[in-house]
Amino acid sequence: MPGAPIFFYDIKLQVRHGFYTAYGLVCGIYILLLYVMPASMRETVNVLLTFSDPSALGFFFIGGLVLLERGQGIYDSLFVTPYRLEQYLISKTLSLTLLSVLSAVLIHVSVFGFTAGAGVLAAGTAFTSVFFTLLGLGVAVKSRSVNGFFFLSSFYSLPFMLPLLSYGGFIGAERWLLGWLPTWGSLVLLKSAFEPTAAGMLIQACLVLAFWSVLAFWWARRQFARYVLAAVGEGIQ
Amino acid sequence: MIEVNGLAYQYPGSSSQVLKGIDFHIAKGEIFGFLGPSGAGKSTTQNILIGALKGYTGSVRVLGLEIRGAGSRYYERIGVAFEFPNFYSRLTAIENLQLFRSLYSGTTEEPMKLLEAVGLSGHAKEKVAGFSKGMRMRLNLCRALLNRPEVLFLDEPTSGLDPVNAKMLKDIIRERSREGTTIVLTTHNMSAAEQLCNRVAFLVDGTIPLIDSPRALMVGLGSRKVVVEYRNQNGSMESAGFELDGIGSDPAFQKLLSSGTVETIHTREATLEQIFIEVTGRGLS
Ligand SMILES: Nc1ncnc2c1ncn2[C@@H]1O[C@H](COP(=O)(O)OP(=O)(O)OP(=O)(O)O)[C@@H](O)[C@H]1O
Ligand SMILES: [Mg+2]
């Protein structure tokens, strides 16, 4: 597939811009934190950290990348090649998702070892990362500056943090109240790494995440076409 | 190769047309220049030709395709160098070219060869962040040449270059045209256009009042006069003008020639810039 190698350049770019170093640092701090806290809290904190990692970091890192590429005026030249917008979105999303999954698994395995739950934790992280990366991308292309991005991002991401409020008790009635949010699905998947979870819950979690990811892809593509592709050739000095 | 008929364009949300029904044809292997003052519509024309602006009226055919419907296949066959040479600044020159090369599925050039051709091979492994404008301009041309394009679009290709590098780029552009690449360039730089272009189009207020070869324009519109500079009896310089027609039998001209005091003889051709002003009633900058 033409454009497939761009995935590796996306990773290279992230390395050059220090993303891997930053994630490494964050991982180190998280692992330390998990070690020093009482063992009884570790599982809950691991779920919350793993949730915040792709959702918050992924969101802001893609925002950074988009603002950077735009600031460097890359898009003009990038999109007068056969590179298609869909390929761009997929490559960016998957490369950042890889980083999220790697760090989530690293944190989990360093503290709990290779548990059976590591797989579902990785899946939950991947799903969450895909959704938030696309959401962050859609917000970033609209923003003119880093400040603008931060301002807009709270609008767009806060509603998705609702399931966190009821974290712990939400598996009861909240399933019907918040169960349509992608982050509800994230928390269910991540939590299921530590406790047996009904198949119905897992299926609902996956479906809702898949649905929102597709929606986010469609929205990001539309935002990108509107705010970036329409401006090709206007030039950034 | 490129056939444009009745091309009109209006930016969405704007109340007036930027291009008002222009026509031009560009042959294979030709170097064709758009000249015009700022805001004339040069970049708009280029952006339509490269498929970035779609909502035009009229017909724009490049490589046998109507651009309105051209997809990513079209980009396999054209190369574009925008006016501002932008790159991933944390990647090296060669990494940037390799990245862009990976986007093409057809045959591509070896990036190192391109860097050699523009004198940048010694800087291949340096980050673009440290490059000067001139170095970026040269790298920009390399990027546009990666996919061996059949049509090459260049916006101000020699801006910010010193004379040596400007000549190097002009030589590369000429060489590509000899090999059959069609080259479309836009510029404010009259002398670059004069040296490079087989034909130029004057673009003013979204219309094209004139298309011709720079040579024909300069000869045709210049006043047909010969100016002779010579030293008079006191040793200071003076000049005299003679009509070019019938100059061989002009006694005053012959007397001056045989006097041995002549320092220079020039025909007075109009520069492209003067012609532009004469035709359009406008300066270029
Ligand atoms: N995105 C846009 N939306 C609305 N109007 C625009 C847009 N881009 C350009 N214009 C207008 O279209 C006209 C032609 O602009 P264009 O950029 O094609 O000129 P140009 O000949 O390339 O000028 P320059 O030599 O300065 O590059 C100008 O009046 C400009 O203001
Ligand atoms: Mg322009």
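Which residue of chain A forms a salt bridge with B:Glu95, and how far apart are the closest N and O atoms? The partner is A:Lys12, and the closest N and O atoms of the pair are 3.4 Å apart. The model is predicted.

**Interface of chains A and B**

The salt bridge between B:Glu95 and A:Lys12 belongs to an interface across which the rule finds 2 salt bridges. Across this interface there are also 7 residue pairs in polar contact, both residues being at pLDDT 80 or more. On the chain B side, the elements that give two or more residues are helix H2 (72-77) and helix H3 (93-101). H3(B) supplies the largest share, 4 residues. By class, the chain B side consists of 13 nonpolar, 8 polar and 5 charged residues.

In total, 26 residues of chain B contact 27 residues of chain A. The two chains bury about 2,600 Å² between them, and 64% of this lies on carbon and sulfur atoms.

**Ligand 1**

Ligand 1 is located between chains A and B. Around it are 12 residues, of which B:Ser38, B:Gly39, B:Lys42, B:Ser43 and B:Thr44 come nearest. The shell divides into 4 nonpolar, 6 polar and 2 charged residues.

| Residue | Atom of the residue | Distance to an oxygen atom of ligand 1 |
|---|---|---|
| B:Ala40 | polar backbone atom | 3.2 Å |
| B:Lys42 | polar side-chain atom | 2.7 Å |
| B:Ser43 | side-chain N or O atom | 2.7 Å |

On its own, ligand 1 has 640 Å² of accessible area, and the protein covers 62% of that area.

Terms used
Residues are numbered from 1 along each chain as its sequence is written. Chains are lettered from A and ligands numbered from 1 in the order in which they are written. This is a predicted model: local features need pLDDT of at least 70, side-chain atom pairs count only at pLDDT 80 or more; totals for chains, interfaces and linings use all residues. Side-chain values use heavy atoms; hydrogens and water are left out. Contact means heavy atoms within 4.5 Å. Buried area is the accessible area (1.4 Å probe) that two parts lose on being put together, summed over both. A salt bridge is a side-chain nitrogen of Lys or Arg within 4 Å of a carboxyl oxygen of Asp or Glu. A polar contact is a pair of N or O atoms within 3.5 Å; within protein, one must be able to donate a hydrogen and the other to accept it, and residues adjacent in sequence count only if both atoms are side-chain atoms. Ala, Val, Leu, Ile, Met, Phe, Trp, Tyr, Cys and Pro count as nonpolar, Asp, Glu, Lys and Arg as charged, and the others, Gly among them, as polar. A residue is near a molecule or strand if one of its heavy atoms lies within 4 Å of it. Accessible areas come from the Shrake-Rupley method with a 1.4 Å probe; for residues, only the protein chains shown count as cover.
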